[in-house]
Amino acid sequence: MANTRIDPPLTIWYCDNCKGQITEPHAGTVSWNDPTVVSDNVGVVQNDFPEKFYILHKGACDNMQRLPKSHDLNTMLGVNGLQWWAGYLWNGPTTAPMNFVPGVDLKPAMELLYRLQVPYYEQARRYFNTSYSQYLTDSTTTFTESTLRGIIEREGEQ
Ligand SMILES: [Zn+2]
């Protein structure tokens with residue numbers, strides 16, 4: 001078993017640009033491209049999703065021209081972050097449901113949710129390309145904390 005330091009959960013993120021650690025939520029940003037919004041031939045607005053959400057060092061690694069949408073990382077965490085996510089995906093029980101284009105790919109949105117909300121996911125995902133991780137993820141449908149910790153302990157740098 002590798003002697004890997006396990007990050008305290010939900011306190012350290014890995015920048016999608018420089019791969020360095022973001023150890024302070026105020027120093028990070030979540031950025032994405034404008035989702036495509038299209039109207040069908042009767043004017044009904046349909047919403048697409050960004051192809052990827054990025055967690056980046058604010059200032060040093062974000063690029064407002066390439067990824068014009070962003071929120072401060074610290075506002076995307078905890079219960080407030082979860083409520084932001086719920087609002088992004090669902091307008092709430094009293095308004096019309098969001099209307100998405102057919103076949104919209106929710107995977108990027110769900111992965112960001114995992115990165116921001118599921119303990120140990122952010123560190124473990126760095127090793128998802130290993131055969132051990134592939135074996136585990138092929139045989140399980142949910143990432144438990146112990147599964148994710150196991151991936152870090154076994155596959156992390158020594
Ligand atoms: Zn960075």
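Start by selecting helix H1 (residues 78-89) and helix H2 (residues 107-117), which pack at an angle of about 170 degrees with their axes 10 Å apart. The axes are lines fitted to C-alpha atoms, for helices over the stretch in contact, and the angles run from 0 to 180 degrees between N-to-C directions. That makes H1 roughly antiparallel to H2, a label given to angles over 145 degrees. Helices here are DSSP runs of H or I with at least four residues, strands are E runs of at least two, and both are numbered from the N terminus.

A word on what you have loaded: this is a predicted model, where local features need pLDDT of at least 70 and side-chain atom pairs count only at pLDDT 80 or more, while totals for chains, interfaces and linings use all residues. Residues are numbered from 1 along each chain as its sequence is written, and side-chain values use heavy atoms, with hydrogens and water left out.

Now show side chains at the helix pair. From H1, pick Gly78, Gly81, Leu82, Trp85 and Leu89; they meet Ala109, Leu112, Leu113, Leu116 and Gln117 of H2, contact being heavy atoms within 4.5 Å. Seven of the residues in this contact are nonpolar, three are polar and none is charged. Nonpolar covers Ala, Val, Leu, Ile, Met, Phe, Trp, Tyr, Cys and Pro; charged covers Asp, Glu, Lys and Arg; the others, Gly among them, are polar.

Next, click on Leu112. Beyond residues up to four places away in sequence, Leu112 touches Val30, Phe53, Ile55, Met76 and Trp85.

Then hop to Ile12, in the segment before strand S1 (13-14). Ile12 counts as buried because its relative accessibility is 11%, and the cut-off is under 20% relative accessible area (1.4 Å probe, protein chains only). Apart from neighbours within four places in sequence, Ile12 is in contact with Arg5, Asp7, Gln21, Ile22, Thr23 and Glu122.

Finally, zoom out: the protein has five helices and seven strands, and 36% of its 158 residues count as buried.

How values were computed: Parallel < 35°, antiparallel > 145°, perpendicular 65-115°, else oblique. Buried < 20%, exposed > 50% of the residue type's maximum accessible area, 1.4 Å probe, protein only.
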